[in-house]
There are 2 protein chains.
Amino acid sequence: MQDGTREEIMRATYRALCEHGYADVTMQAIADESGKSTAALHYHYDTKRELLLAFLDFLAESFVERLDDADEGSPTERLVSVIEATLSTPDDDPEFGTIVLETKARAPYDDGFRDHQLRIDDHLHARFRSIVEDGIDEGTFDPAVDPDETAQFLTTLVGGCHTRQVATGRDLGPVRRQLHDYVRTTLLADDRSAEAEVLTG
Amino acid sequence: MQDGTREEIMRATYRALCEHGYADVTMQAIADESGKSTAALHYHYDTKRELLLAFLDFLAESFVERLDDADEGSPTERLVSVIEATLSTPDDDPEFGTIVLETKARAPYDDGFRDHQLRIDDHLHARFRSIVEDGIDEGTFDPAVDPDETAQFLTTLVGGCHTRQVATGRDLGPVRRQLHDYVRTTLLADDRSAEAEVLTG
């Protein structure tokens, strides 16, 4: 399939999901959004499930690109800016967070969705761990910090921000400030409080 | 409606949700589980949506009871044990977490589900805030700690644990240890490290 065709089908899938929700979306609804026939869709994707799993890969690619763009500067800057990238909603995808939460809720019922969640979780965890390791190596972060567990904590926390934002619509400002506080008090080495300038509050 | 009838319908709803998932459950499936007719169900609940919202209230009641049972001892003990209660799966409700995540994903589409999420969020936040306030009052927790923001952070974090457990099935042990670390380094007053005995790690 040509890149342009894939992109068109993925954008149509996104619009159809926004309109119908994950549970009610149909191949017909996606076909209507794309201006293609359902037969044309089925030529590329045997089933709705296969198309939706391809759509998750498409979302994951753009998520990883946003993380790559954010992952620059000192370890403290990288940490703050990667966290921010995980919490932000892409300008042109206001329903992104809702769709992602629906696919998380689907994971216990379907190994394809579960595998996808595990890959995203691994990616985020590895990225946080590498930032924490770099910070320890260059003396910014406390060497007593456990990079693996810290990365698990941060992965869990940004997932919690996402769920709470979708489920309640609440402002995450106070949670962001506490998260920066956590970085300051738990991760930063004692003599590196100058790094704290990057952190709010 | 008599309490026994309500309990029976709620337990049948739970079993039907476990079997069919939130998106696919029907009044007929719930009727089949309860041994009642769909007409009998409709006598008590006009629509499937109304029954499911009543079911959420039922789940919330048992959740609040579990939190009440856990909320005992010193502020540090209360904090650790309430956190644990939010993370534990009730023995007789192994699918509890999955069903709750599905209803969170439903919130952006339906004000009834959104209102429910806001009530649970408020309850958890108020409980954490009151524990932190009590800890500050009796000198266990650092008076510089902001009870409201800390409670928001904890509410978000336990929600993140729940989502990650359902979506990935990963063990939360390392996150629990980091959470105890957070309580130790961020909340405990400097001269109250003896309290840290309650905390793991």
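Mentor: Let us begin with the contact between the chains, to which chain B gives 43 residues and chain A gives 43 residues; contact means heavy atoms within 4.5 Å. This is a predicted model, in which local features need pLDDT of at least 70 and side-chain atom pairs count only at pLDDT 80 or more, while totals for chains, interfaces and linings use all residues. Residues are numbered from 1 along each chain as its sequence is written, chains are lettered from A and ligands numbered from 1 in the order in which they are written, and side-chain values use heavy atoms, with hydrogens and water left out.

Trainee: What area do chain B and chain A bury between them?

Mentor: About 3800 Å², of which 57% is on carbon and sulfur atoms. Buried area is the accessible area (1.4 Å probe) that two parts lose on being put together, summed over both.

Trainee: Why is the pair A:Asp122 and B:Arg170 called a salt bridge?

Mentor: A salt bridge needs a side-chain nitrogen of Lys or Arg within 4 Å of a carboxyl oxygen of Asp or Glu. The closest N and O atoms of A:Asp122 and B:Arg170 are 3.0 Å apart, so the pair meets the rule. The rule finds 8 salt bridges across the interface of chain B and chain A.

Trainee: Which helices of chain B supply at least two residues each to the side that touches chain A?

Mentor: They are H1 (3-24), H6 (96-106), H7 (111-137), H8 (147-168) and H9 (173-187). Helices (H or I, at least four residues) and strands (E, at least two) are DSSP runs, numbered from the N terminus. H8(B) gives the most to this side, with 15 residues. The residues on this side of chain B divide into 18 nonpolar, 15 polar and 10 charged. Here Ala, Val, Leu, Ile, Met, Phe, Trp, Tyr, Cys and Pro count as nonpolar, Asp, Glu, Lys and Arg as charged, and the others, Gly among them, as polar.

Trainee: What makes H6(B) and H8(B) roughly perpendicular?

Mentor: Their axes are 10 Å apart and meet the eye at an angle of about 110°. Axes are lines fitted to C-alpha atoms, for helices over the stretch in contact, and angles run from 0 to 180 degrees between N-to-C directions. Angles under 35 degrees count as roughly parallel, over 145 as roughly antiparallel, 65 to 115 as roughly perpendicular and the rest as oblique. H6(B) and H8(B) are therefore roughly perpendicular. The residues of their contact divide into 3 nonpolar, 5 polar and 1 charged.

Trainee: At what angle do H1(B) and H4(B) pack?

Mentor: H1(B) and H4(B), residues 48-70, pack at about 105°, and are therefore roughly perpendicular to each other.

Trainee: Why does the pair A:Asp134 and A:Arg78 tie together parts of chain A?

Mentor: The closest N and O atoms of this salt bridge are 2.9 Å apart. A:Asp134 lies in H7 (residues 111-137) and A:Arg78 in H5 (residues 75-87), so the pair ties together parts 56 residues apart in sequence. Over all chains, the structure holds 32 salt bridges.
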